[in-house]
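I set out to record what I looked up in this structure, entry by entry.

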2 protein chains.
Amino acid sequence: MDLSYFTNKLSAGLAELRYGDQPISLYEPIRYIMGLGGKRIRPLLTLLGAHLFTDDLDAIVKPALATEVFHNFTLLHDDLMDQAPLRRGQATVHEKWNPNVAILSGDVMLVRAYELLFDIRPELLAHVLRRFSQTAAEVCEGQQWDMNFETETEVSIAQYLDMIRLKTAVLLGFALELGALLGGASREDADHLRQFGVGIGLAFQLRDDLLDVYGDAATFGKRVGGDIVSDKKTYLLLTAQAQANAAQRAVLAQHIGQPVPDAEAKVQAVRAVYDELEIRPQTEQLINKYFLDALQHLERVVAPETRKKPLHQLALQLLERES
Amino acid sequence: MDLSYFTNKLSAGLAELRYGDQPISLYEPIRYIMGLGGKRIRPLLTLLGAHLFTDDLDAIVKPALATEVFHNFTLLHDDLMDQAPLRRGQATVHEKWNPNVAILSGDVMLVRAYELLFDIRPELLAHVLRRFSQTAAEVCEGQQWDMNFETETEVSIAQYLDMIRLKTAVLLGFALELGALLGGASREDADHLRQFGVGIGLAFQLRDDLLDVYGDAATFGKRVGGDIVSDKKTYLLLTAQAQANAAQRAVLAQHIGQPVPDAEAKVQAVRAVYDELEIRPQTEQLINKYFLDALQHLERVVAPETRKKPLHQLALQLLERES
C-alpha cells in the first residue's frame with residue numbers, strides 16, 4: 001500500500017481538528033503552528049504501526065494526531081526557549097504574537113494532545129496514557145539536558161546520545177508503539193516497534209548532525225555549518241574533541257566558544273579537523289548501527305512482511321533525506 | 001468529622017509524591033513550588049466531595065492531588081507571564097532559576113498532574129479526564145482573558161465575571177466534581193457539587209477584590225490598595241466606572257491608567273469614589289448571592305446532612321477570611 005493512502009487519511013483528520021475559539025489570541029497561534037506544515041512523521045508512524053495488525057484505521061487517526069499536536073507543542077515552547085525567530089521559514093509564535101501567548105497557547109496544546117487520546121477503548125486507555133505521559137516527560141528532560149549542555153564544559157558522548165534519545169527518539173518510538181497497541185498488537189510486538197522507532201530516531205538525529213556539516217547547501221534547508229558557527233555540542237564535535245591530538249585540540253579550542261570574525265573560516269577549520277579524524281565515516285557507521293538494530297526489532301514483530309514495507313520505506317526516506 | 005482528618009491525609013499523600021530526578025534543574029523547581037505551602041484547598045474539596053458518599057478515601061488522595069499539582073503549574077507559568085518576583089513570600093521559579101526552567105518545569109508539572117489521575121477505575125477514567133482537560137483549557141482561557149484585559153479599554157462586568165469564573169472558579173468546581181465521581185455519586189449530584197464549587201469560587205475571588213481595597217492591612221497578606229495602584233480592572237473598578245456620574249468619572253480618569261506620583265493619594269481618591277457609589281455593599285451583595293446559590297446546589301446533593309458540614313464550614317472559612 002502506498003504511503004499516500006496514509007498521509008491522505010492524516011490530512012483529512014488534521015483538517016477536522018478543533019482546538020477552541022475564544023479568546024482568539026489563545027487559539028489562533030495553535031492553528032497557525034499546526035498549519036505551518038511539516039512531514040507529519042509521528043502520526044504517520046502510528047498509522048503504519050497499526051496497519052501491521054489491522055485494516056481498520058479510521059478510529060486510529062485521531063489518537064495518532066495526539067503525537068503531532070504534542071510535537072508541535074514542544075516546537076512552540078522550544079522555539080521560545082531558544083529564542084528562534086523562524087520555524088519552517090515563518091515567524092515563530094513568540095515573534096508573531098509575544099512570549100506569554102506562546103507559553104499559554106503551548107499549555108493548551110498539551111491539554112488538547114491528551115484529549116485526542118480519550119476515545120481509546122477503556123481497557124487500553126490507562127496504559128496508553130501512562131506511556132504517553134512518560135514519553136512527554138522524557139521529551140522535556142531531553143530539552144532541559146540540551147539547554148544545560150550549552151553552558152556545560154564537559155559533555156560526554158554518552159550524555160549527548162542520551163539527550164537526543166530523550167528529546168527526539170522516544171517520541172518516534174511512542175508513535176509506533178501507540179499504533180501497535182491500537183491495532184491490537186501484543187505488548188511484546190508493541191515494544192519491538194517502540195525500539196524500532198527509537199533506533200530510527202537516533203539515526204535520524206545523527207544524520208541531522210551530519211547534514212549540518214556535510215550537507216549539500218542547495219538541498220539542505222538550513223545554512224550548512226550552522227552547528228559549528230553556534231558551537232553546538234553535536235556528536236561530530238564531541239567525538240572530534242575526544243579523539244583530537246594536541247594540534248587538532250588547539251585548532252578546535254581556537255574556534256569553538258570563541259567570537260566569530262569569519263564564520264566561513266571557522267566552519268572550514270573545524271571541518272578540516274573532522275576530516276582528519278574521519279568523523280564523517282565514524283558518524284555514518286553509528287547511524288548504520290542504529291538503523292540495523294532498529295530493523296532487527298521490526299523483523300521480530302509478528303506481522304506480514306508485505307505490511308512492513310511502508311515502514312521500511314519510510315525509515316529509509318528519513319535517513320536518505322538531504323534536508 | 002474534623003477538617004484536620006482530611007488535611008492530614010493530604011499532607012501524607014503530598015509527601016509521597018515523586019516528580020522525577022534528572023535533570024535536577026527540571027525537577028527541583030517542581031519540588032520547590034509544591035513545597036511553598038498554601039492551603040491545599042482544591043484537593044481538600046475533592047476529599048470532602050468524596051466523603052459525602054464514601055468513607056474509603058485512601059484511593060482518592062492521589063487523584064485529589066492532581067488538582068493541587070495542576071494549580072501550582074498554573075501559578076508557575078502565570079508568575080512568569082506576570083513577571084511576579086514573589087510567590088508566598090519566596091522567590092518565584094523564573095526568578096530563582098530562569099524563565100526557560102519555569103516554562104519547562106511547568107510543562108512537566110502538567111504531565112505529572114495528568115499522571116495522578118490514571119489509577120482511576122477504567123469505567124470512570126475517560127469521563128474524569130475529559131472533564132479535567134476541559135477545566136484545564138478553561139483555566140488557560142481565563143488567564144488569557146485576564147492578560148488581554150490589561151490592555152483593553154472596554155471590559156464589561158459580564159466579561160470580568162466570566163474571566164474569574166474561568167481562571168479561578170471552574171477548578172474549584174472540578175475538584176468537587178472529581179471527589180463526587182470518585183466517591184460514587186450520580187452524575188447529577190456530581191454536577192451539583194461542581195456548581196457549588198464554581199459559586200464558592202466566584203464569591204471567593206470577589207472577596208479577594210474587596211479585601212484588596214477594604215481589607216485590614218494588619219491581616220491582609222498583600223499591600224492594601226494594590227489593585228488600585230496597578231489599575232487592575234476588578235469588579236469594584238468596573239462597577240464604579242459603570243455607575244459613576246460625570247464628576248466621579250473625572251476622578252477615576254484622573255487616577256486610573258495614569259503615572260502614580262503618590263500611590264496613597266491614588267488609593268484614597270479611588271476609594272472615595274467607591275464609597276460614594278456604595279461599591280462595597282454592592283460587592284458584598286453579589287458575593288452573598290453567589291454564596292447562597294452555591295449552598296442551594298449543596299443542599300440538592302443527595303447525601304447525609306452531617307457529611308455536608310465540613311464543606312459548609314470550609315466554604316464559610318474561605319469567605320470570612322481576612323487574608
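**Entry: a salt bridge in chain B.** I looked up B:Glu305 and B:Lys308 and found that their side chains meet in a salt bridge, 3.3 Å from N to O. I took a salt bridge to be a side-chain nitrogen of Lys or Arg within 4 Å of a carboxyl oxygen of Asp or Glu. Both residues belong to helix α15 of chain B (residues 305–320), where they are three residues apart, about one turn of the helix. I counted helices (H or I, at least four residues) and strands (E, at least two) as DSSP runs, numbered from the N terminus. B:Glu305 is exposed at 55% relative accessibility, whereas B:Lys308 is buried at 4%. Here buried means under 20% relative accessible area, exposed over 50%, and partly exposed in between, with a 1.4 Å probe and protein chains only.

**Entry: basis of the model.** I note that this is a predicted model, in which local features need pLDDT of at least 70 and side-chain atom pairs count only at pLDDT 80 or more, while totals for chains, interfaces and linings use all residues. Residues are numbered from 1 along each chain as its sequence is written, chains are lettered from A and ligands numbered from 1 in the order in which they are written, and side-chain values use heavy atoms, with hydrogens and water left out.

**Entry: further salt bridges.** My search of the whole structure returned 36 salt bridges over all chains. One of them joins A:Asp191 to A:Arg194, with the closest N and O atoms 2.8 Å apart. These two residues are three apart in helix α9 of chain A, so about one helical turn separates them. A:Asp191 is partly exposed at 28% relative accessibility, and A:Arg194 is partly exposed at 23%. I also looked up A:Asp79, which forms a salt bridge with A:Arg87 at 2.8 Å between the closest N and O atoms. A:Asp79 is buried, with a relative accessible area of 5%, whereas A:Arg87 is partly exposed at 21%. Finally, I recorded a network of salt bridges that links A:Lys62, A:Asp119 and B:Arg130.

Entry: A:Cys140 is buried, with a relative accessible area of 4%, and B:Cys140 is buried at 4% relative accessibility.

**Entry: relation of the chains.** The same surface serves both copies, as 100% of the contact residues of chain B recur in chain A; contact means heavy atoms within 4.5 Å.

**Entry: helix α11 of chain A.** In this helix (residues 235–243), I noted several buried residues, among them A:Tyr235, A:Leu236 and A:Thr239. The buried residues of α11(A) pack against α8 (157–183), α9 (187–214), α12 (246–255), α13 (263–276) and α14 (279–300) of chain A.
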